[in-house]
Amino acid sequence: MSTEMTEKGIQRHKLSGNCQMITFQVEFQILEVQTKENLSTVITDLNIIMESTTYPELSEFVSRAEERRALFMFFRSLHCFVEWCEYQKRTFKHFKRVNLYLLAMNLEFILWKILSSLCKRIRVRKTFIRGK
């Protein structure tokens with residue numbers, strides 16, 4: 001069985017946007033291929049431009065998406081990455097609050113120990129002086 005493919009046309013697209021704190025620009029070409037049964041589309045070129053971010057691990061991910069021409073994978077993974085970053089920020093914020101609370105409790109305990117030790121010394125001194 002042979003299939004005859006004819007090119008329908010090439011569409012060029014350019015998208016700019018941001019996902020939370022990450023700004024990006026995506027340029028891609030779509031090739032439409034008509035067979036006897038249906039019309040299919042293929043991404044023939046994909047170029048992803050991202051502002052330099054504080055996340056160096058994104059460059060490897062972007063390169064992989066460009067090589068595979070996986071536009072959907074790029075958007076899905078970018079969304080997951082941003083959700084992970086937000087979760088990480090909330091987690092660090094939580095532990096920072098907890099650590100500050102524990103630090104305050106520890107300082108309070110330490111101060112209490114110092115004061116009680118000083119009070120004991122003062123009492124001992126008073127009794128020692130009175131005893132003479």
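Strand β2 (residues 22-34) and strand β3 (residues 39-50) run antiparallel and are joined by 11 bridges; two strands are taken to pair if DSSP finds at least two bridges between them. Helices (H or I, at least four residues) and strands (E, at least two) are DSSP runs, numbered from the N terminus. The model is a predicted one, in which local features need pLDDT of at least 70, side-chain atom pairs count only at pLDDT 80 or more, and totals for chains, interfaces and linings use all residues. Residues are numbered from 1 along each chain as its sequence is written, and side-chain values use heavy atoms, with hydrogens and water left out.

The cysteines were examined next. With a disulfide defined as a pair of cysteine sulfur atoms within 2.5 Å, the count comes to 0. Cys-85 is buried, at a relative accessible area of 1%, whereas Cys-80 is partly exposed, at 43%. Here buried means under 20% relative accessible area, exposed over 50%, and partly exposed in between (1.4 Å probe, protein chains only).

Arg-69 lies in the loop between α1 (57-68) and α2 (71-131). Most residues other than glycine have a negative phi. Arg-69, although not a glycine, has a positive phi of about 50 degrees. Its relative accessibility of 41% makes Arg-69 partly exposed.
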